[in-house]
Structure formats: structure tokens, C-alpha cells
Amino acid sequence: MTLNSLQRSQLAAAFAAVALAAGAGGFYLAGSKDAAPGASVPTARKPLYWYDPMVPGEHYDNPDSLSSMGMKTVPKYADNSGGPAAASGVRIDPSSMQSLGIRLATATNGALAGSLEVTGSIDFNQRDVAVIQARAAGFIQRVYGRAPGDVIRAGAPIADVLVPEWGGAQGEYAAVAKTGDPALIAAARQRLRLLGAPGGATSGRGMTTIRSPISGVITTLDARAGVTLAAGQTLAQVNGLGTVWLNAAVPEVRAADVRIGQPANAELAGFPGERFTGRVIAVLPTAQADSRTLTVRIELANRDGRLRPGMFATVHLGDTSRSALLVPSEAVIRTGKRTLVMLADGKGKFRPAEVRIGREAGGQTEILAGLSAGEKVVASGQFLLDSEASLTGIAARPIAGDAK
């Protein structure tokens with residue numbers, strides 16, 4: 001059975017009438033619902049401007065704009081909360097924090113542990129020095145083949161010296177001794193002591209052997225055979241080797257981590273796998289202007305004499321921990337001009353806060369100012385939040401007491 005043209009026209013008109021009636025009914029229902037008492041008609045949000053997320057500083061007034069990078073712009077809307085409170089922080093729905101990778105951490109008081117590792121060099125103990133001098137004018141009769149750098153023991157001979165004045169006094173003592181007069185003998189012996197004869201020596205015809213009073217290394221030697229000596233003239237200088245100094249170069253920014261009596265360990269390339277233990281005995285009062293370091297003096301025992309002045313060492317200064325307010329190092333944002341963290345209020349709102357940081361150790365960073373214990377900071381995803389805060393013009397919380 002086929003339809004003629006008239007019938008087809010009538011059928012099409014009927015379908016059109018049904019569709020029109022259904023549309024009118026739907027419009028009536030929607031209008032009746034919207035017109036219900038207390039209901040409001042939703043309005044579309046109006047963008048503040050259009051921008052390229054890659055160049056957030058560029059703003060455009062129409063959706064068809066292209067940024068300076070040739071990218072299509074997207075709309076930027078105002079905060080839904082509206083009013084002045086809208087600029088107080090970046091709002092993130094709590095259910096979206098996990099998908100955005102946002103992780104929080106709490107600023108806590110704790111001990112910032114860790115040791116300070118610096119370099120240094122071995123030097124003589126300048127407190128263990130013997131200066132060997134002639135006690136009276138005389139002549140060097142003999143030397144014992146010593147040279148600067150020789151290591152000698154206590155009592156080792158340096159030179160034989162003839163002191164004519166001692167010879168005359170010793171002859172007088174011998175003559176007085178024959179008289180048996182105790183007073184004269186005592187006076188003659190006292191005269192020898194005053195002339196500088198060792199122990200008031202009463203024999204030797206003015207000859208004496210000058211010896212080193214300590215064990216160590218000869219640093220200077222001026223004793224030469226046939227030399228005429230003046231009273232008080234230096235023949236040699238000996239530096240002891242029982243202990244040595246290790247002069248460590250500590251950066252001035254770590255000066256607060258060093259104190260007198262602090263333990264220290266040293267490693268030397270000449271003795272791999274071995275550590276030498278000592279303690280800090282002094283922090284020198286002047287800094288090295290070229291390297292901005294302080295010289296820390298460490299005393300090391302050197303009983304076997306293996307530590308030689310000039311040796312290079314790596315120094316570990318232990319027990320440098322101190323109480324501090326700590327946050328994870330990954331939570332700190334360094335912009336070059338200032339240092340920030342992203343604060344979380346626990347209700348899905350985040351705001352940057354400026355902080356002043358100290359040293360870092362073990363994945364923790366010391367906060368010197370700008371935070372209080374118990375405040376929560378963003379440890380992961382903070383750069384995304386900081387970018388959004390900068391884009392919306394949210395000001396960072398200043399450090400208390402700083403003028404902003």
C-alpha cells in the first residue's frame with residue numbers, strides 16, 4: 001500500500017503539530033518550576049579576563065585572543081566566595097587534594113641533627129716550643145751534625161760551648177774549696193749560678209754541652225762551629241710533636257655550630273680508613289676575608305709521630321645538633337628574592353607565607369622566623385598553589401615585625 005502525495009503532506013503536518021505541542025509543554029513546565037516562590041534564575045558567571053596559563057601576566061578581553069606565545073586563551077573567573085575574603089587564599093576542594101598531589105606537613109620543634117664536614121691542615125703545636133739560647137758570651141767549639149727538620153729526643157746535644165767567664169769562676173771555686181770555709185764555698189757556687197753555669201757547675205773549665213730540653217723537630221738552627229756567641233743568642237728552636245694542631249676552615253655561616261671542647265674526627269689520605277680523634281681548643285678571633293671562613297683549632301694526640309705538619313685532612317665536627325622549628329625541606333619555595341611556604345588552614349584554603357630559614361640537614365629545614373609550631377604547610381604540590389596565588393594577586397603573609 002502506497003501513500004499519495006496528499007496523504008504524505010497531511011502526515012508530516014500532524015508530526016509537526018505534535019512536536020510543537022511537546023515543546024510548548026516543556027517550556028511551560030520549566031517556566032512554572034523557575035517561577036516557583038523563593039527560586040532564583042541562574043545566571044552564567046562572567047569571566048574577569050582571558051589569559052594563557054603559560055603567560056599569566058598577560059590579560060585579554062575576549063575569548064578569541066591569542067597570547068604572545070600563540071596559544072589560545074582561557075577564561076579566568078573570580079572566586080566563588082566573593083568579597084574581600086576571596087583574595088585571602090587559594091581554595092581547593094578537599095576531595096581534589098589527593099588527585100592534585102597535595103600533601104601537608106606540620107611545623108614542629110625538634111633537634112636538627114647532623115655533623116659539620118670541613119677541610120683543614122696539620123700544624124705544629126705552637127705551645128710546645130723550646131728556644132735554646134747561650135746563657136753567656138762564648139764560642140762554639142763543636143756541633144753535632146744537626147740540621148733543621150731533624151727529629152731529636154730530649155737531652156740530645158746541640159753544641160759544645162766554651163764560656164771563658166765560667167772558666168774563671170770555676171777556677172776561683174776550686175781555690176776557695178781548698179780553704180774549707182763553708183761561707184766562701186757557698187758564695188763561689190752562687191756566683192757560678194748567677195753567671196748562668198748549668199746547675200752552678202763547678203768543673204769543666206768553662207766548657208758546657210747545650211742540649212735540647214724536649215723531644216721534637218728542629219725548626220731553626222744557628223749553631224755553627226767557631227761562631228762567637230753573645231749572651232742570650234738563640235742557637236736552635238725545637239717544636240714538640242707529642243700533640244699537633246689541626247686548623248680547620250669553617251664557613252662563617254656555620255660559626256654558631258662550633259664551640260670550645262667540641263669533639264672532632266679527622267681523616268687523612270695517608271692513613272685510609274683510620275680516624276684521629278681530638279677536640280676543639282680554640283676558635284681564632286679573625287676570619288679569612290678571601291674565603292669567608294673561620295679557623296677552628298683542634299688538638300690531636302700524636303704519640304707515634306705519624307701526623308706531620310702540612311698534611312691535609314677532612315674534619316668531621318660532631319654534636320652540632322640544636323633545637324629548632326623544623327619543616328620538610330621540600331615545603332620551602334625559594335624565589336631568589338624571598339623564601340615562602342604555603343600555609344594550609346585545614347578547610348581547603350591555602351595562602352603563601354614568607355619565612356626566614358636557617359640550616360638544613362636530614363631533609364629538614366630550620367625556620368628562624370615566619371612560622372609557629374603547629375601550623376600546617378604544603379609539602380607537595382606547593383608550586384601549583386603558589387602559581388595560583390600569584391595569578392590571583394594573593395599577598396604572602398609577612399614575617400612578624402618586618403615592614404611590608
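The model is predicted: local features need pLDDT of at least 70, side-chain atom pairs count only at pLDDT 80 or more, and totals for chains, interfaces and linings use all residues. Residues are numbered from 1 along each chain as its sequence is written, and side-chain values use heavy atoms, without hydrogens or water.

The protein chain holds four helices and 27 strands (DSSP runs, numbered from the N terminus: helices are H or I of at least four residues, strands E of at least two). Of its 404 residues, 34% are buried (under 20% relative accessible area, 1.4 Å probe, protein chains only). Contacts are heavy atoms within 4.5 Å. Among contacts with a separation of 6 or more, 71% join residues 24 or more positions apart.

Nonpolar side chains tend to be buried together in soluble globular proteins. A nonpolar core is a set of buried Ala, Val, Leu, Ile, Met, Phe, Trp, Tyr and Cys residues joined through side-chain atoms within 4.5 Å. The largest has 24 residues, and I140, I158 and A223 touch the most other members. Elements that each supply at least two residues of this core include β11 (157-162) and α2 (164-177). A second, separate core has 21 residues, including V250 and V258.

Q262 lies in the loop between β16 (243-251) and β17 (263-268). Q262 counts as buried because its relative accessibility is 0%. Its side chain reaches the backbone oxygen of D257 at 3.4 Å. The side chain of Q262 also reaches the backbone nitrogen of R259, at 3.1 Å.

Key:
Buried means under 20% relative accessible area, exposed over 50%, partly exposed in between (1.4 Å probe, protein chains only). A polar contact is a pair of N or O atoms within 3.5 Å; within protein, one must be able to donate a hydrogen and the other to accept it, and residues adjacent in sequence count only if both atoms are side-chain atoms.
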